[in-house]
Amino acid sequence: MKILVLGFSNIARRRALPALLDIPSTSAVDIASRHGVDAKELPGNWKGRLYDDYATALRESDADIVYISLINSLHATWAESALASGRHVIVDKPAMLSLAATERLLGLATSSGLCLAEATVFSFHEQFNQITGLLDDDTRVSRLITAFSFPPFASADFRNYPEFGGGALLDLGPYAAAASRLFFSEPPRNLVCHINSRHAETGVETAFSILAAYPGGGNYVGHFGFDTEYQNRLMAFGPGISVNLDRAFTTPPDMENLIELKQNNAARTIRVPGCDTFTGFFSYAVDCIEQRDWRALSDNMLQDAMFREQLRISANEEHK
């Protein structure tokens, strides 16, 4: 399996490329970057071609899969071009800026017999397999509380600018959406989103809070933003179970994490070995493509886009 990376972002260089090269079926990884790539800085096991133009790369590379790691506002354009070239496509989160764009490009992918997936990778950590493995009809999560917030980005960062697809709703909304999908079997029947702060110069939202209610009595409270001291935590509880997890959304690959668990009033700690979420996600996605069964990836992408659309609609209504 050969992969073409469009855009050599920091996350692509540090996390995605090593993960892609770690997949046994990867024969080469081509890279296209308008800013240039120094081959000397690439991993020693890298094999592939370098391009300085995305269109040329799509035309000349013989890759089977295109991974897009560009600023958010360019995702849809180049995902459509990659699909039109006959390649499967994986896009950094947020894959698209709207539900309409997600539905349109998923439709294009389906009609072309191709996979289109969104790389929201945190849920591919073993700690979430451990947690969800504890749940059943009698032991279930009915309350979810999350907090993922950190200090502001540098002023020039694209996430501070709405024209580049910036803002907390797009940057951190995928985490909120995927957490909802992990713990509740249905979309929320009601979702309220409050914008907590905005960038002083660009006006883009820099933090938001949510309150979601689900069929069957489930509730989700979440706080997300880039305007506070660092916080990265998840708490899930319900009949017969309570779970606390620190570093829930960005667990370093070499970090042993701890799940603080209570079951029927008995407390214990589960130690989870280090786990590379990028390797886990890309291995799963490539396996789905090789097996030609990527329905779960498509469903997850659509469900998360619908959740983010609810966030945006609620935030806009509050702003009126």
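Reply: The model is a predicted one. A place to start is the pair Arg-233 and Asp-246, whose side chains meet in a salt bridge at 3.9 Å, N to O.

Me: Why is the contact of Arg-233 and Asp-246 called a salt bridge?

Reply: The cut-off is 4 Å between a side-chain nitrogen of Lys or Arg and a carboxyl oxygen of Asp or Glu. Arg-233 and Asp-246 are 3.9 Å apart, N to O, so the pair counts. The two lie in distant parts of the chain, with Arg-233 in strand 11 (residues 231-238) and Asp-246 in strand 12 (residues 241-246), 13 residues apart.

Me: What makes Arg-233 and Asp-246 buried, partly exposed or exposed?

Reply: Buried is under 20% relative accessible area and exposed is over 50%. Arg-233 has 25%, so this residue counts as partly exposed. Asp-246 has 36%, so the label for Asp-246 is also partly exposed.

Me: How do you know that Glu-118 and Arg-308 form a salt bridge?

Reply: Their closest N and O atoms are 3.3 Å apart, and the limit is 4 Å, so the pair meets the rule. This pair links distant parts of the chain: Glu-118 is in strand 6 (residues 116-119) and Arg-308 is in helix 8 (residues 295-319), 190 residues apart.

Me: Why is Glu-118 called buried, and why Arg-308?

Reply: Glu-118 has 7% relative accessibility, which is under 20%, so Glu-118 is buried. Arg-308 has 10%, also under 20%, so Arg-308 is buried.

Me: Which residues are linked with Asp-157 in a network of salt bridges?

Reply: The network links Lys-93, Asp-157, Arg-159 and Asp-171. Within it, the side chains of Arg-159 and Asp-157 meet at 2.9 Å, N to O. Asp-157 has a relative accessible area of 17%, under the 20% limit, and is therefore buried. By the same rule the count comes to 15 salt bridges.

Me: How do you know that the span of helix 7 is close to the expected one?

Reply: Helix 7 (residues 277-291) has 15 residues and reaches 21 Å from its first C-alpha to its last, against 21 Å expected at 1.5 Å a residue. Its buried residues include Phe-278, Phe-281, Phe-282 and Ile-289.

Me: What is found at the start of helix 7, and what follows it?

Reply: At the start, a side-chain oxygen of Asp-276 reaches to within 2.9 Å of the backbone nitrogen of Phe-278. Arg-292 follows helix 7, and its phi is positive, near 55°.

Terms used
Residues numbered from 1 in each chain as written. Predicted model: local features only at pLDDT ≥ 70, side-chain atom pairs only at ≥ 80, totals over all residues. Heavy atoms only, no water. Helix = DSSP H or I, 4+ residues; strand = E, 2+ residues; numbered from the N terminus. Expected span 1.5 Å × (residues − 1). Buried < 20%, exposed > 50% of the residue type's maximum accessible area, 1.4 Å probe, protein only. Polar contact = N/O pair within 3.5 Å; in protein donor to acceptor, adjacent residues only side chain to side chain.
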